[in-house]
Structures are given as C-alpha cells and as structure tokens.
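Please consult the sequence and the coordinates alongside the text.

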Amino acid sequence: MIGVDLVIQGNLTSKGEVQIEGEVQGDIHATHVVIGERARVTGGVVAEECVIRGHLLGTVRGRRVLLQGSAHVEGDVYHQTMAIEQGAFFEGKSRRTDDPLAGLSRAAAPSESAAAAPAPAATTSPATPPPLS
C-alpha cells in the first residue's frame, strides 16, 4: 500500500496487489492494482485487474478494468472487459483486445519501454506519456 502522504518517482513492480493512495510518477506493473480516490498516478498501469477511483494520466492495460464513479482517467485503456460507473471521467480510447497483456514484460526497463514506444503525436500533451509497448 502506498499511503496518502507518500510520493514515489519511479516504476513499481509487484507479483501481488498494489493499492495506491498517494502519488506515483512512473509505471505500475502488478497482478491487481487499486488506485484510491485521493491517489494521483502519472504513468502506465499494467495489471490483470485494475480498479481506478482516483486520477490517472497514462495508459492502462488490463484484463479487467473498472473505472469507479470518482475516477478521472486521461489515457487509452486496453482491456478484455471494462466497466465505467456513472460519474467517472474518461478521456481517451477504449480498445478491447483478447490479450491486452500480450508481449509485455514486467522486468522491462523503463528505457527499453520508451525506446520501443512510438513517438507521441504532435497533438499529444507533453504531460501524456507514450503508450506502453
């Protein structure tokens, strides 16, 4: 669990559940990710299951993705199943795919991910990270 008063600058990798209540500036790779109501994440999320209640600026890749009513997501979502509750804010593309986690390695270094990612389009905000590849 990442507490409310904690700010992490860097990537997080876990074989279990990660619950974010504070701020993370980096990518998160885990089996199950919960982004709490007061949490702020700037980076990509890769998980089997992802529940978002707070702010996320980045790409989500997950088999099951849930945007709860308090969620504020700016970025693309690659999913097998996705649910968006009433009141949630979502700006981006929703892409259904049979295996949104295919080809992704949890051990990939950030520089490898950035080198393999396509260059952001000219209309992309500088604060928006490139999609995970």
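Arginine 96 and aspartate 98 form a salt bridge, with their closest N and O atoms 3.0 Å apart; the term denotes a side-chain nitrogen of Lys or Arg within 4 Å of a carboxyl oxygen of Asp or Glu. Both arginine 96 and aspartate 98 are exposed, where exposed means over 50% relative accessible area, buried under 20% and partly exposed in between (1.4 Å probe, protein chains only). The model is predicted, so that local features need pLDDT of at least 70 and side-chain atom pairs count only at pLDDT 80 or more, while totals for chains, interfaces and linings use all residues. Residues are numbered from 1 along each chain as its sequence is written, and side-chain values use heavy atoms, leaving out hydrogens and water.

The structure holds 4 salt bridges. Glu48, Arg63 and Asp99 are linked in a network of such bridges. Arginine 63 meets glutamate 48 at 2.8 Å, N to O; this pair joins distant parts of the chain, strand 9 (residues 60-67) and strand 7 (residues 45-52). Strands (E, at least two residues) and helices (H or I, at least four) are DSSP runs, numbered from the N terminus. Arginine 63 also forms a salt bridge with aspartate 99, at 2.7 Å between the closest N and O atoms. Aspartate 99 lies in the loop between strand 13 (94-96) and helix 1 (110-116), 36 residues apart from arginine 63.
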